[in-house]
Amino acid sequence: MQQTARRGFIRRHISSSQQLSREHRPLIANALMHLVNDGCFVAIYPILPLIALEFDLNYAQVGLLKTALTASSTAFQIPMALMAERFGEIAMLALGMAWVGAGFMVLGLAVSFIQTLFLMVAAGTGGSVQHPVASSFISREYEGRRRGSALGVLNFAGDLGKFIIPLVFAVSLTAYGWRASLAGLGAVSFVFALLFWYFLRDKGRGLPRTVEQDQPAPSKGWGILQPKTFGAILSMGVLDSSVRSALLTFVPFLLIEKGLSATQAGLMLTVIFAGGAAGKLGCGILADKLGTTRMIVFTETMTGALILLLLPVGQWTMLPLLFCVGFFLNGTSSVLLDGVAELFDATK
């Protein structure tokens, strides 16, 4: 009798796990895609000195390579998002990741600075798809049901990729060199893109289940329901990014002024990144509980207050403080995405 009951419990547990897996399969797949995408772009940093050494580049040329990759992965986000509305999110996400993978594989064959610069732009363009399209897709999938938590998981996965993939890539660099390592990373990314499309191809451009019933007529244009509020959140996002860039630029100088060495200051920055990863997940979950507007005000207020607290405290008191700064500084992005999703027609 006990064995029968135990078997029944196991079956129910397996069935429940399978149902949960099916329900959250789009989120899991997109989180893994975000992990690979962000990890690929951060993995470029360790090879820049090797490329500079091989092609005898100066600092300005190295900076141009990095700017080319970053700028191209940012500049084409709106066009890629518009294409996703026409051809479907899943197809465009898979295409973008395959594009990055193919770009990295070809980048490993570059024989000059000009070729490397051109291929950096080409590979970066594929990366323009991930952030706007994945955020839009997950927002629609979780419309009305813990959307903030889902976006938090999506954002957290990207930060996790920034730790995991560069670590594996660094080991590969030691064993195989930058060309073979880059080709291998590109091949893995390409295969992952195919698997992503295969498992989510049935999603296509379908509406989330909460929107399928009694769907109102779609709005015109981009579907912005509250333009003034959207403008306010957009401005806040620009301010938030500016503060983040300024903080990461000048915090090492503050730490050195407080008596830390340059190496120690660099290590202390990782505490901000760790806090940021936790914040992207935690703030998304809190937004579901406290509400988006309250959470935006709370995170921005805490960020400003904690930055001011960095000035008077001692060097070791800064350790937990930097983690908290990172938590609210980066966590705001998950809340802003949730806030933007509330201002749009879900069909858009």
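**Salt bridges, pair by pair**

Reply: Start with Glu 89. This residue counts as buried, at 9% relative accessibility. The model is a predicted one. Glu 89 meets the side chain of Arg 140 in a salt bridge, 2.9 Å from N to O. Glu 89 lies in helix α5 (residues 89-107) and Arg 140 in helix α7 (residues 130-141), so the pair ties together parts that are 51 residues apart in sequence. Arg 140 is buried too, with a relative accessible area of 7%. The cut-off for buried is under 20%.

Why can such pairs form? Side chains of opposite charge can pair when their charged atoms come close.

Now go to helix α10 (residues 227-257). Here Arg 244 and Asp 240 are four residues apart, about one helical turn. Their closest N and O atoms are 2.8 Å apart, and they form a salt bridge. Both Arg 244 and Asp 240 are buried.

Next comes helix α8 (residues 147-200). Lys 162 and Asp 159 both lie in this helix, three residues apart, or about one turn. They form a salt bridge, with the closest N and O atoms 3.7 Å apart. Salt bridges count within 4 Å, so this pair qualifies. Asp 159 is buried, at 4% relative accessible area. Lys 162 is partly exposed, at 37%. Lys 280 joins in as well: Asp 159, Lys 162 and Lys 280 are linked in a network of salt bridges.

How many salt bridges does the whole structure hold? A search finds five.

Conventions: Residues numbered from 1 in each chain as written. Predicted model: local features only at pLDDT ≥ 70, side-chain atom pairs only at ≥ 80, totals over all residues. Heavy atoms only, no water. Helix = DSSP H or I, 4+ residues; strand = E, 2+ residues; numbered from the N terminus. Buried < 20%, exposed > 50% of the residue type's maximum accessible area, 1.4 Å probe, protein only.
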